[in-house]
Amino acid sequence: MSIVTVQLGQCGNQIGHEVFSALCRDIHGTHGLCSKKENESYQDACKERFFYEEESAVPVARAVLIDMEPKVISQTLSTAASSGHWKYNSHSHFCQKQGSGNNWANGYSVHGPRHKEAIMNLVQKEAEKCDRLGGFVTIMSMAGGTGSGLGAFVTQCLRDAFPTSFILNHVIWPYGTGEVIVQNYNSVLTLSHLYHSSDALLVHENDVIHKICAQLMNIKQISFRDVNQVIAHQLGSVLQPTHTAGGGSGYSRNPLGDLLETLVPHPEFRLLGLRNIPQMAEHSLPYSTFSWPGLIKHLRQMLIAKAQMEEGIDWQVRPPHPGSCIPSTNKPLHFNTSIANLVILRGKDVQGVDLGSFQDPSLYTSWLSPQDAFNAWKTPRAFNKYEKSAALVSNSQFLLKPLDSIVGKAWNMFASKAYLHQYTKFGIQEEDFLDCFTTLEQVISSYTNL
Amino acid sequence: MTQAVVVQVGQCGNQVGCRFWDLALREHAAVNKKGIYDEALSSFFRNIDTRNVDNGPDIYKGKICSLKARALLIDMEEGVVNEILQGPLRDVFDSKQLITDVSGSGNNWAVGHKRYGCQYRENIVEKLRKTAEHCDCLQCFFIIHSMGGGTGSGLGTFVLNLLEEEFPEVYRFVTSVYPSGEDDVITSPYNSVLAMKELNEHADCVLPIENESLFEIVNKINQMSNSGKLGTTVKPNSLVTSSAGSAKTLQEKPFDAMNNIVANLLLNLTSSARFEGSLNMDLNEISMNLVPFPRLHYLVSSLTPLYTLADVNVPPRRLDQMFSDAFNRDHQLIQADPKHSLYLACALLVRGNVQVSDLRRNIERLKPSLHFVSWNQEGWKTGLCSVPPVGHSHSLLALANNTCVKPTFIELKDRFMKLYKKKAHLHHYLQIDGMEQSCFSEAISSLSDLIEEYNELDATKGGPRIDPSRLKIAV
C-alpha cells in the first residue's frame, strides 16, 4: 500500500526531502542485520510505500511539493536529483511567486481557494500512480503562513476528495522563544482546523529536537538541516515497514490505517507525540551497545515522566497504585496518563522482548483496557544503522503543556487585539479566532481530565 | 520570485538611491559569477537587449545583456539626477525613468506636495505603471527621501499617496531621513511634520534614519581604521560605509559613506527575499510580524558588524558580539536606545554562515536585558539567509518596533510648535494652492496622536503582568 506525501511550505519541503533521503539511505544500507529474504522483503515494502520506479531506475518519491514561493522547492528538487539515489517527479510541484507572508489567513482564505484545482490535480495524479492508496501524510509547520494556512485548507480538500482515505498530519511546533511573532495565532488557527479534517496529528517540537541535537548528538553549531535530519529519522522509524501484531505474515499492508486504529480510538483525542531511542551521533554508533530491557525501561519512564529524550529523565515519577481507579485530580503531578500507546521495535533479537511493563493499567485511562490501548510492532530488520531502536508513538498528555502554553500566549495577544488587522484584511474575523480558541480549550480540557 | 521598485525622490533620496544601485550591482556581481540573469537579479533589475531599447521585450533568462534598474528617479532640480546620468551608473537607468524640473521646491513641503504633485501626477502615474508592467510579480515599493526638505518630503509623500491609490496591494516601505536639531533648513520641522501625517496614514513600514547616527557610525569606523592597533587591519570592502569594488571610481563625496550605510540597510532587508537560506524572511513577513497595529509601523534599524577585520581567525565570541552590538545604542540608525524602552516586536535577519543554534543562543542571552510588551513576550521574528554581504562572512540586521522612536517624534513636535506658535514662515506655505491652515493642525494632531499611542504602551512597561483569563469550558 502506498502513501502519498504532501510537503507544504519551506519547513514541509525541507523536512520532506530529509525524510525521503533517510528512507532511501536506510533501504540501501548493508546494516539490515537480518536474513537476506527479510531484507529484500523490507526493501520492496518500503519502495512500494514511498517510491515508484521509472525507466531511469532511480526511484521517484510519491510526493507533491507545494509552496507559495519558488526558492525552496527549486532547491529541494535539485538537491534530491543530485543525490543520484532518488528524486522527485519534476512535475509534481506547485509554486507561486510570492509567499504567504507568515499570514495564516492569506494561506487559507486567499491562496487555498485560488489554487485548489491545480493542487488537487497534482495530488490526484500521484494518487492514481498507486496500486493501492494507503493514505496521505502532510508535512507542515504551524508557525508560518503557507504550511499552516494553506496546509489546513489542503487537508480539508483532501478530506473532501478522498473521504475514505487516511490522513496523517505531521506538524512541526516552532521554538517557544519565537521564529515568527504571530506563530501562536497561526498555530491556534491551524490546530483547530486540522482537528476537524485530519485523522491524527503527529507532532514534533523544535525545542525538543534542538535539545536532542545539542545534548545527544553533540552537534556544536546546530543548523536546521541537523534538526530536520533528526526529525526525518524519527518519522522514518514509524513509517518504515514493520510487522504488526500477530507478525510473521509479511509487512503491514495498511500502515496508516493500522497506526490510526491503534492510537486514535476517540475523535476528541488526536494529538500524537513521538519519541525514539537511542539517538546519537553516527560516529558513536559502532561503540555503543544497548540491551532491549534497558531501552524498554527508559522508554517507559520517558512516557510516564513526559521526558523529551533519554537523558535527564525524572525517575521519581511513578504511576499511581496499580489497579486502583483514581480521579485525575488526585493523580500525581507530572504523571502522564495515556489513551493509547504504540511501541515499534526494530533490530536484533526483537522477538523475545518483553513489553509487559507497557501494559500496566495504571498508565492508561479507565475507559480502555490495556490490551486495546497498547500495541507493539516488531521487525528484525535494523533501521538506519541502529542495531536496536525503539520508537514510541503516544496518544497521551505529552503535548498538553506545550499546547496549553501556545493557546495561553495566543490568547494573551488576542486580548490586546494586536496583529488582528493583518488577519481581518484577508477574511479571518475575531469570531473565527474565538471559535478556534474554543475548540482548543476543549481539547486541552479533555486531555487534562484523563 | 517577486520584484521591488525603488522610487527615489529629492536630493537626499537620489543620492542614497544612487549608492544603493551601485552596491546592489556589486553584491550581485560577487554572487553571480557566471553572468546569468537569475531570479535574484530580477528582483531589482531588468535584463534588456540594448539593440531594441524602446520596443524589445525584457530577456528573462540566459546571459546578462544589459541591466536596468527597476527605479524611478524624481527631483525638481536637475543637478543630482544629471550627475547620476553622467556618472558610472548611467547605463543602469534610462530616460524614461526620470522626472525632473528645474527650479526645485525651495525647501517647501507645500510646493513639493501640492504644486508639483498636481503638475506631475499623470506623468508619475504613467511611469509607475510602465515600471510595474515590467514586473512579473511586484511585491514592494521602496521610497527613499528626506523629511526636512521640499521635494523629498512633499513630492515624496505625494507619490506615497499615489502608490496607495494605484497599487493598493503592493507594500510600501519608506526610508525616511529625519532632520537633526541643528539642521540648516529653518522650515524642516514644518516639512517633517506635514510629511509624518502622510507616513502615518499611507506607509506600510517606515525606516527612520537620522544623519547624526550615520555620522557617528562613520566616525567610529574612521577611528577604527586609523588607530593602527595591532590586529585591527580592516578589510576595505567590508566597511558598511565603503564603496570599494563598486562602479564608482571618482573621489568619494562627503555624504557617500553615510549613504552607503542606508544602501546596505536596504540590501540586507531584501537579502532573504532574493537569496536562499534555511529560514527565509520575505518582505511581506516583515510587515506582518512587525506591525501589530496599523499606525505603529516605525522600525528602528541597526546593522552589524560595521566592518570585518582582516584577521581570518574569527573566534565564536565575535559572532555573539555581533548580536550584542545590534542592540547597542551606537549601532542604531536613529538617535535612540531601544534597550531602555519597550519592544513591541523585534526581527533579526542574519546573513552568512550562522546557524539556528547561534541565533537561539543569542536570543536567550539577550532576552533578559530587553523589555517586551506584555502581550508579546517572545516577540522575535528570525530569518537566516545563506549569502553574506560583500566582504563579510556574516552580518545581522535588527529591526525593532520599539517605543524609543518616541523622543525623536516629541522633539520634532517641539521644534514644530516653536515655529508654529509664532506663525513663522507660514505664509510661504499658505500661499500655495490647496494649502490651508487645517493642513497644519491636522498634521500636528496626527503626530500628537501617534506620540500618545506610544505613551500608552510605555505606561504598561514594568507594571504587574496580569494575563487575561482564559475561556472556561464546561466539563
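How many residues of chain B are in contact with chain A, and how many residues of chain A do they meet? In this predicted model, 56 residues of chain B are in contact with 50 residues of chain A. Between them, the two chains bury about 4400 Å², and carbon and sulfur atoms carry 53% of that area. On the chain B side, the residues that lose the most area to chain A are Met288(B), Arg470(B) and Leu471(B), which together account for 18% of what that side buries.

Across the interface of chain B and chain A, 32 residue pairs are in polar contact, both residues having pLDDT 80 or more. Several elements of chain B give two or more residues each to the side that touches chain A: the helices α8 (256-274), α9 (283-290) and α11 (356-366), together with the strands β10 (342-352) and β12 (380-385). Of these, α9(B) provides the largest share, with 6 residues. Sorted by residue type, the side of chain B that touches chain A comprises 24 nonpolar, 17 polar and 15 charged residues. The count of salt bridges between chain B and chain A is 4. One of them joins Lys409(A) to Glu378(B), with the closest N and O atoms 3.4 Å apart.

Turning to chain B on its own, the fold contains 14 helices and 13 strands. Of the 475 residues in chain B, 61% are buried. Among the contacts in chain B with a separation of 6 or more, 82% are between residues 24 or more positions apart.

Finally, the cysteines deserve a look. A disulfide is a covalent bond between the sulfur atoms of two cysteines. A search of the whole structure finds 0 disulfides over all chains. The cut-off for a disulfide is 2.5 Å between the sulfur atoms. Cys11(A) is also buried, its relative accessible area being 19%, where the limit for a buried residue is under 20%. For Cys157(A), the closest cysteine sulfur is that of Cys436(A), and the 17 Å between the two sulfurs is again too far for a bond. Cys157(A) is likewise buried, with a relative accessible area of 5%.

Definitions and conventions. Residues are numbered from 1 along each chain as its sequence is written. Chains are lettered from A and ligands numbered from 1 in the order in which they are written. This is a predicted model: local features need pLDDT of at least 70, side-chain atom pairs count only at pLDDT 80 or more; totals for chains, interfaces and linings use all residues. Side-chain values use heavy atoms; hydrogens and water are left out. Contact means heavy atoms within 4.5 Å. Buried area is the accessible area (1.4 Å probe) that two parts lose on being put together, summed over both. A salt bridge is a side-chain nitrogen of Lys or Arg within 4 Å of a carboxyl oxygen of Asp or Glu. A polar contact is a pair of N or O atoms within 3.5 Å; within protein, one must be able to donate a hydrogen and the other to accept it, and residues adjacent in sequence count only if both atoms are side-chain atoms. Helices (H or I, at least four residues) and strands (E, at least two) are DSSP runs, numbered from the N terminus. Ala, Val, Leu, Ile, Met, Phe, Trp, Tyr, Cys and Pro count as nonpolar, Asp, Glu, Lys and Arg as charged, and the others, Gly among them, as polar. Buried means under 20% relative accessible area, exposed over 50%, partly exposed in between (1.4 Å probe, protein chains only).
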